Amino acid sequence: MPYRHAHWYLLALFPFIGLAFWPQYLSQITTASMELHAHGITATLWLILMIAQSWTMARGQRDTHRSLGALSLVLFPLFMAGGASIFMGMADRFAMGLPFHVLFAAKLAWLDIVAVGGFAFFFFEALRLRRKVHPHAGYMLATVIFLIPPIFGRLSAIPLGIGGPEDLPRLEIGFQAANLLAAGIAFFVAYRRRPHGRPFAIAGLLTILASILFAVIGGSAAWQDFYARLAPLPTAPFALAAGLAGVAIAYAGWVAGKRSGPPRALPA
């Protein structure tokens, strides 16, 4: 089976996740906003699902793998809704004038836009190609690439010596370094998995695109003005729309996979 040891690499992310999100989320978990909970919980559950899927296939537990795969049809729309919630929540804090968000919320929004769009495309392709083991596994695991920049971007505060609001501008280097790290990992895996590395190559290209949009459009006055105008809008309709879009994408991918002919590997 491809990516036989992927679960160990994914498990290794958890200490970094804990360290990265301790200051602004985990240490304040009882008072954190609902959109932070929605995004944090769905992203964590997705990572756990990828670990479980890799673990079960590495041990030949195909029935368990298929059963767990069905959970992705529920979790994916929830992840989409959580992504929309955090996007709107950042706009609200940007408009409120909070130091970190004034500097980075409008820029980080582009990372979220590209990540959620890429995530949706990869999940659709994974479902459509679920009868072909190599592309199915590649597209599912490549979704994790989009979770790497938020982790290591925040961790960059440690080597950059971020001690207070006056140091925050230095984080821009950290966020861009995290994008390059994620792209480098994606391209490395794509090279190692050739000729089946296309999902990771696409993930690497999308990460570079997000980095460019972060730097070029994210800091523009026109975009920041538009982003601030989103702040008064209610979050719930956007989250609901994103969740429904997730349901539609999952359904379309599942139906497309049924049309691909008799099983050659295993269903999702």
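How are α7 and α8 oriented to each other? At an angle of about 140°, the two helices are oblique to each other, because only angles over 145° count as roughly antiparallel and those from 65° to 115° as roughly perpendicular. This is a predicted model.

**Helices α7 and α8**

- Helix α7 covers residues 148–155, and helix α8 covers residues 171–192.
- The axes of α7 and α8 are 8 Å apart, and the crossing of the two helices is right-handed.
- On the α7 side the meeting residues are I148, P149, F152, G153 and R154.
- On the α8 side they are L171, G174, F175, A178, N179, L181, A182 and I185.
- By type, the residues of this contact between α7 and α8 are 9 nonpolar, 3 polar and 1 charged.

**Helices α5 and α6**

- Helix α5 spans residues 99–128 and helix α6 spans residues 133–142.
- These two helices pack with their axes 8 Å apart and an angle of about 155° between them.
- Since angles over 145° count as roughly antiparallel, α5 and α6 are therefore roughly antiparallel to each other.
- The crossing of α5 and α6 is left-handed.
- From α5, the contact is made by F121, F122, F123, E125 and A126.
- From α6, H136, Y139, M140 and A142 take part in the contact.
- Sorted by type, the residues of the contact of α5 with α6 are 7 nonpolar, 1 polar and 1 charged.

**Burial of α6**

- Helix α6 is largely enclosed by the rest of the structure, because 7 of its 10 residues are buried.
- The buried residues of α6 are H136, A137, G138, Y139, M140, L141 and A142.
- These buried residues pack against α1, α3 (34–58), α4 (62–96), α5 and α9.

**Aromatic pairs**

- There are 21 aromatic pairs in the structure.
- One of them joins Y3 and F200 in a tilted arrangement, at 5.8 Å centre to centre and with 40° between the planes.
- This pair links distant parts of the chain, as Y3 and F200 are 197 residues apart.
- Y3 sits in the segment before α1 (6–11), while F200 belongs to helix α9 (residues 198–216).
- Both Y3 and F200 are buried.
- F100 and F104 form another tilted pair, with 5.5 Å centre to centre and 50° between the planes.
- Both F100 and F104 lie in helix α5, 4 residues apart, which is about one turn of the helix.
- F100 has a relative accessibility of 11% and so counts as buried, the cut-off being under 20%.
- F104 is also buried, with a relative accessible area of 1%.
- A cluster linked by ring pairs takes in F87, F94, W110, W223, F226 and Y227.

- A183 is a residue of helix α8.
- With a relative accessible area of 3%, A183 is buried.
- Apart from its neighbours within four places in sequence, A183 is in contact with G204, T207 and I208.
- A183 and I202 are 19 residues apart along the chain, and their C-alpha atoms are separated by 9.5 Å.

Notes:
Residues are numbered from 1 along each chain as its sequence is written. This is a predicted model: local features need pLDDT of at least 70, side-chain atom pairs count only at pLDDT 80 or more; totals for chains, interfaces and linings use all residues. Side-chain values use heavy atoms; hydrogens and water are left out. Axes are lines fitted to C-alpha atoms, for helices over the stretch in contact, and angles run from 0 to 180 degrees between N-to-C directions. Angles under 35 degrees count as roughly parallel, over 145 as roughly antiparallel, 65 to 115 as roughly perpendicular and the rest as oblique. A crossing is left-handed if the near helix is turned anticlockwise from the far one by less than a right angle, and right-handed if clockwise. Contact means heavy atoms within 4.5 Å. Ala, Val, Leu, Ile, Met, Phe, Trp, Tyr, Cys and Pro count as nonpolar, Asp, Glu, Lys and Arg as charged, and the others, Gly among them, as polar. Rings of Phe, Tyr and Trp (its six-membered ring) pair if their centres lie within 6.5 Å; planes under 30 degrees apart count as stacked, over 60 as edge-to-face and the rest as tilted. Buried means under 20% relative accessible area, exposed over 50%, partly exposed in between (1.4 Å probe, protein chains only).
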